[in-house]
Amino acid sequence: MFTVRFPVFGTGVYVADPVAIRELFTGDQSDLRAGEANSFMSPVLGPRSVLVLDGAEHLRQRKLLLPPIQGSRVAGYRSVIRDVAEHEVAGWRPGARLVLRERMRALTFEVICRAVFGVTDPTRVERLRAALGAVIDSSPLYMLSRFARVDLGPLSPGRRFVRRMGAADGLIFEEIARRRLAPDLEQRADVLSLLLRARDEDGRPMTDGELRDELFTMLGAGHETTATGLAFAFELLMRSPAALSRLRSEIDAGENDGYLDAVVKETLRLRPVIDAAERTLTKPRKVAGWELPAGVKVYPGIALVQMREDLYPGAREFRPERFLDEAAESYSWIPFGGGIRRCLGAALAQAEMAEVLRVAIPLIELRPVRNRPDPVVLRGITLAPRYGVEVEVARARQPRRLPAVARVA
Ligand code: HEM
């Protein structure tokens, strides 16, 4: 454990001990807040976003959101992901240069549009991409500074932000209204349709405002993170020929997914996209034997614990097989955080990473443009490859149809 005193954000205590992390994630939560620390995102995600709420309101949103994106539902989204991945990879011609993180951002956006929003019409997907992309990609300054959002006239940045938010909200509310009237609403399996049918413990449905905020949240939390995880996976595989060749032959042979899933887990261990979870103490609390005062932010150190040499021998090496022999131990493998704030999209993100690799690896050979792996840098709140993983397509094969799996309506 160690303390960091940040100039603006206050005192933070990092924890890299799995036992203490388990206690933080699963012990009494009444004196821990996570939403408060995320509240700077509410100008974009909205005040009812599960990410910015705490206490009973947070639990209500979480209980509504979990069933549509939990593991058992995710099997149904795999074919959507594969369709999107096949379409993306089909455009990669030999000799072309790509920035993988950008290509993966386009791909994960499309997956969210289809699987989460349930929008498949290409024209509407493109409208959403333009309007929501303009908001999500806006400068973080708009979230951090109230002044940046003030509308000071037609040419001011504040007016631009207000206009972009208005356009994005307009489209989201349009999709919600359209879906409410869809004749096949009861049969549909996309997340928005399931949320429209969901009821809380008092039998209340979600309001349009809640739906808007949670759709924005899933896009904001799930698109860039998964794209970055995928860019890292390609980079690690490109630079580990033995792992790449084993993965390729296991996919070609139609083996079970053991090695593929291990590649995903090892990528998220060695290159965690979020470096730490965050909990603010509302009362003094003992953490791993230390008395910490109220107001301190405690950071379960995702990157720290996952790089511990005693837990992961050869911790700086990419060794997917470590997850073949032993299952990931819950509190030393925590790329998705834990407890009542654990990432709601964890199953979807892992399925997405696995399906994209399953499609791309047999078809495409990539060559890194740079001699050395991209340094890992902080981009907003994610750890990302500095240059986005630049590659050249060395070889491309035509896709063979993958076995069909259940489709999302
Ligand atoms: C590789 C991809 C992803 C990574 C590494 C990741 C990581 C995380 C982490 C570390 C947290 C905080 C957990 C905590 O405080 O204990 C989180 C929260 C969250 N994530 Fe993800 N995430 C990913 C993808 C997704 C996707 C695809 C979605 C949805 C479609 C999603 C939705 C959320 C939501 C809604 C929360 C807030 C949960 C709450 O506060 O109760 N994430 N994620």
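Leaving out residues up to four places away in sequence, Met104 touches Trp92, Ala227, Leu230, Ala231, Phe234 and Val356. Keep in mind that you're looking at a predicted model.

- Met104 sits in helix α7, which covers residues 100-116.
- Is Met104 buried or exposed? Its relative accessibility is 1%, so Met104 counts as buried.
- Met104 and Thr228 are 124 residues apart along the chain, yet their C-alpha atoms are separated by 7.4 Å.
- Now find Met218, which belongs to helix α12.
- Met218 has a relative accessible area of 12%, and because buried means under 20%, Met218 is buried.
- Which residues does Met218 contact, once neighbours within four places in sequence are set aside? They are Leu65, Ile69, Ile112, Val116, Val191, Leu195 and His223.

**Helix α4 and what covers it**

- Helix α4 runs through residues 55-69, so to speak a stretch of 15 residues.
- From its first C-alpha to its last, α4 reaches 21 Å, close to the 21 Å expected at 1.5 Å a residue.
- The buried residues of α4 are His58, Arg60, Gln61, Arg62, Leu64, Leu65, Pro68 and Ile69.

- Helix α10 takes in residues 157-180, with 24 residues in it.
- End to end, C-alpha to C-alpha, α10 reaches 35 Å, close to the expected 34 Å.
- Among the buried residues of α10 are Gly158, Phe161, Met165, Ala168, Leu171, Ile172 and Ile176.
- Some residues with charged side chains are on the buried list of α10 too, including Asp169, Glu175 and Arg179.
- If you spot names three or four places apart in that list, here's a handy rule: an α-helix has 3.6 residues a turn, so residues three or four places apart point the same way.
- Arg178 is also found in α10, but Arg178 is partly exposed, with a relative accessible area of 41%.
- How far apart in space are Arg178 and Gly338, C-alpha to C-alpha? The gap is 35 Å, and in sequence Arg178 and Gly338 are 160 residues apart.

**Helix α14, mostly covered**

- Helix α14 (residues 258-270) has 13 residues, which should span 18 Å at 1.5 Å a residue; the end C-alpha atoms are 18 Å apart, so the two agree.
- How many of the 13 residues of α14 are buried? Ten of them are, which leaves α14 mostly covered.
- The buried set in α14 is Tyr259, Leu260, Ala262, Val263, Val264, Glu266, Thr267, Leu268, Arg269 and Leu270.
- These buried residues pack against α12, α13, α15 (302-306), α16 and α17.

**Where α13 crosses α17**

- Helix α13 covers residues 241-252, and its axis comes within 9 Å of the axis of α17.
- The two axes cross at roughly 100 degrees, so α13 and α17 are roughly perpendicular to each other.
- On the α13 side, the contact is made by Leu244, Leu247, Arg248, Ile251 and Asp252.
- On the α17 side, the contact uses Leu357, Arg358, Ile361 and Pro362.
- Sorted by class, this contact has six nonpolar, no polar and three charged residues.

**The iron atom**

- Which residue is the only protein donor of the ligand's iron atom? It's Cys343, through SG, at 2.3 Å.
- Cys343 lies in the loop between α16 (322-325) and α17 (346-363).

- Most residues other than glycine have a negative phi.
- Ala288 has a positive phi of about 50 degrees although it is not a glycine, and Val389 has a positive phi of about 65 degrees, also without being a glycine.
- Ala288 is in the loop between β6 (285-287) and β7 (290-292), and is partly exposed at 44% relative accessible area.
- Val389 is in the loop between β11 (382-385) and β12 (390-396), and counts as buried at 1% relative accessibility.

Terms used:
Residues numbered from 1 in each chain as written. Predicted model: local features only at pLDDT ≥ 70, side-chain atom pairs only at ≥ 80, totals over all residues. Heavy atoms only, no water. Helix = DSSP H or I, 4+ residues; strand = E, 2+ residues; numbered from the N terminus. Expected span 1.5 Å × (residues − 1). Buried < 20%, exposed > 50% of the residue type's maximum accessible area, 1.4 Å probe, protein only. Donors = N, O, S within 2.8 Å, 3.2 Å for Na, K, Ca; no water. Axes fitted to C-alpha atoms, helices over the stretch in contact; angles between N-to-C directions. Parallel < 35°, antiparallel > 145°, perpendicular 65-115°, else oblique. Contact = heavy atoms within 4.5 Å.
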